[in-house]
Amino acid sequence: MKTLRFILGDQLSRELASLRDIDAGTDVVLMAEVMDEATYVRHHKKKIAFVFSAMRHFATELQDRGYQVDYRRLDDRQYGKSLRATLVQAVKRHRPDRVVVTEPGEWRLLTDMRDWQSACGRPVEIRDDDRFLCARKQFNDWFDAQKQPRMEYFYRQMRRQTGYLMVADKPAGGRWNFDTENRNPLKDNVELPAIKQFRPDAITADVLTLVDERFADHFGELTPFRFAVTRSQALAVLRHFIANALPRFGDYQDAMLQDERFLFHSILSLYLNIGLLTPREVCDRVENAYQSGHVPLNCAEGFIRQIIGWREYVRGIYFHEMPDYADNNYFSAQGKLPVFYWTGETDMNCLHQVISQTRDEAYAHHIQRLMITGNFAMLAGVAPGEIHDWYLRVYADAYEWVELPNTLGMSQFADGGLLGSKPYAAGGNYINKMSNYCQHCRYKVSAKSGPDACPFNYLYWDFLIRNRDQLEHNRRLAFPYKHLARMSEERIAQIHRDSRRFLQSL
Ligand SMILES: Cc1cc2nc3c(=O)[nH]c(=O)nc-3n(C[C@H](O)[C@H](O)[C@H](O)COP(=O)(O)OP(=O)(O)OC[C@H]3O[C@@H](n4cnc5c(N)ncnc54)[C@H](O)[C@@H]3O)c2cc1C
Ligand code: SF4
């Protein structure tokens, strides 16, 4: 039976479900760079280059292993504008008996894919994406059985299921979570590891020219381009991280430093999300590094929790809650995204740092995303859809299954507390504690009001006052609301004046 196996751009895994039973003698692998996928949101130039280059390398690797690959390049004269059109054309060309695909990571595409059978006139089998450690059904069963389906409980179940950092049925070190030890600020005299970089080869150079020509008006700097684009390069990044950064990953997980973009982070999300690495192999190696005494427990635990905990959890939430999840707007926020999210031109140094880095690298680490750009958008009342669109465009690792719950749920609290128990809202004090950004800022982090005061300071209180009905009964916010109750009328009026003046100036 001749099978057409359609592989999407973030499915570059040798063990992919839709490649598993491939017959090199009869089957055809279809891969395509399509305009609709590159532009349905206008992705960062580096992200498009990364995906196209990794796809071309993966196709070459499959061909080298003897498979027949029909690879449609964006600059081929005859290409489908959409995945569906590409499939219809390919079915006409190859006349397969059936089509096999792996389910995509976006609801939009899954809905479309369910209709491909009637579009192409062949049976289309959609296989589960089993590159994750928790199947969608397993997550749904767990979620529906919980009173409070919080990540922490899910994570403990995943620790038991995988056996990572377990001693018999108990967590190593006697605790599930070492987060309290993972909140150290970084001094600027701590030596930081260099990141692993790769020089573009001929395939990547071709892709860079294409992206430069066809996506010139998209956000972001295209060069220098230094991402890994093959599995062996991605494995080198993983080895480099474990040897050089993981031993201090936990300690400085939440820290931020002026002009330092990567710190002790892994920069692995883009490779995991596109399929060049699997979550299991990454965690296996981290566990081995812990067992061999190379990394302390708080670092191994902090890292493994992000992968088997948060990463699997947000995917579960996404598919459990879609399609309605994307429309959540708990605070009814309607504000526009400030223009400086596209230019980085703002006197607020923390935002300038994170946005400039995002433009240059298509990367920011978690606390930069959560507590700088996300926090500001929430405090400023930006509509969740606007900020969701921004995050989906600007990061090389952004796919809706992982980006939407992180943005809408974790960073904007737009789901009203389904994903997090309280909004990640913070004033300048937090940013000053976890970074040295404030030392380089024109605003004064110690000032609470007036034109020179740090805008996070009054916007934080304005946010709590504005959303009092939705938040004051949240027990985790009892302290700030008690503080608010003791605030004078004059102080509250000042907060309103400062916030209005500032927001109108944007
Ligand atoms: C508003 C917002 C949007 C985000 N959008 C994305 C996104 O589009 N794609 C994405 O992969 N991550 C996203 N995250 C999660 C997280 O910020 C990134 O995974 C992380 O910064 C990637 O950098 P790293 O590989 O150096 O991570 P590290 O700090 O080294 O962490 C290790 C790994 O853990 C995983 N991880 C860590 N935190 C999370 C999380 N909250 N959710 C899922 N996986 C996690 C990632 O695979 C990451 O590679 C977002 C977070 C926020 C607050
Ligand atoms: S003073 Fe305020 S705006 Fe400036 S860097 Fe610090 S937190 Fe950001």
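What volume does the largest cavity have? The model is a predicted one, in which local features need pLDDT of at least 70 and side-chain atom pairs count only at pLDDT 80 or more, while totals for chains, interfaces and linings use all residues. Residues are numbered from 1 along each chain as its sequence is written, chains are lettered from A and ligands numbered from 1 in the order in which they are written, and side-chain values use heavy atoms, with hydrogens and water left out.

The volume of the largest cavity is about 400 Å³. A cavity here is a set of points, on a 1 Å grid over the protein atoms alone, where a 1.4 Å probe fits but cannot get out; lining residues have an atom within 4 Å of a point. Grid points are joined across faces, edges and corners, and the volume is the space filled by probe spheres set on the points. By this rule there are 6 cavities of 30 Å³ or more.

The largest cavity is lined by 25 residues, of which Gly-9, Asp-10, Glu-37, Val-51 and Tyr-399 are the closest to its centre. Two or more lining residues come from each of α1 (35–39), α2 (45–64) and α4 (107–113), where helices are DSSP runs of H or I with at least four residues, numbered from the N terminus. The most come from α2, with 5 residues. By class the lining has 16 nonpolar, 3 polar and 6 charged residues; Ala, Val, Leu, Ile, Met, Phe, Trp, Tyr, Cys and Pro count as nonpolar, Asp, Glu, Lys and Arg as charged, and the others, Gly among them, as polar.

The second largest cavity has a volume of about 230 Å³. Among its 18 lining residues, Ile-195, Lys-196, Val-237, Ser-266 and Ile-267 are the closest to its centre. Helix α9 (residues 231–244) gives the most to this lining, with 3 residues.

Next comes helix α22. Pro-480, Tyr-481 and Leu-484 are buried in α22 (residues 478–485), buried meaning under 20% relative accessible area and exposed over 50% (1.4 Å probe, protein chains only). These residues are on the same side of α22 because they cover an arc of only 100° around the axis, taken from the directions from the helix axis to the C-beta atoms. Phe-479, Lys-482 and Ala-485, on the other side, are exposed. The buried residues pack against α20 (455–466), α21 (468–471) and α23 (489–505), contact meaning heavy atoms within 4.5 Å.

Last is the ligand site. The residues around ligand 2 include Cys-350, Cys-438, Cys-441 and Cys-454, each with a heavy atom within 4 Å. By class this shell has 10 nonpolar, 1 polar and no charged residues.

Notes:
On a 1 Å grid over the protein atoms alone, a cavity is a set of points where a 1.4 Å probe fits but cannot get out, and a pocket is an open set with protein on both sides within 12 Å along at least five of seven lines; lining residues have an atom within 4 Å of a point.
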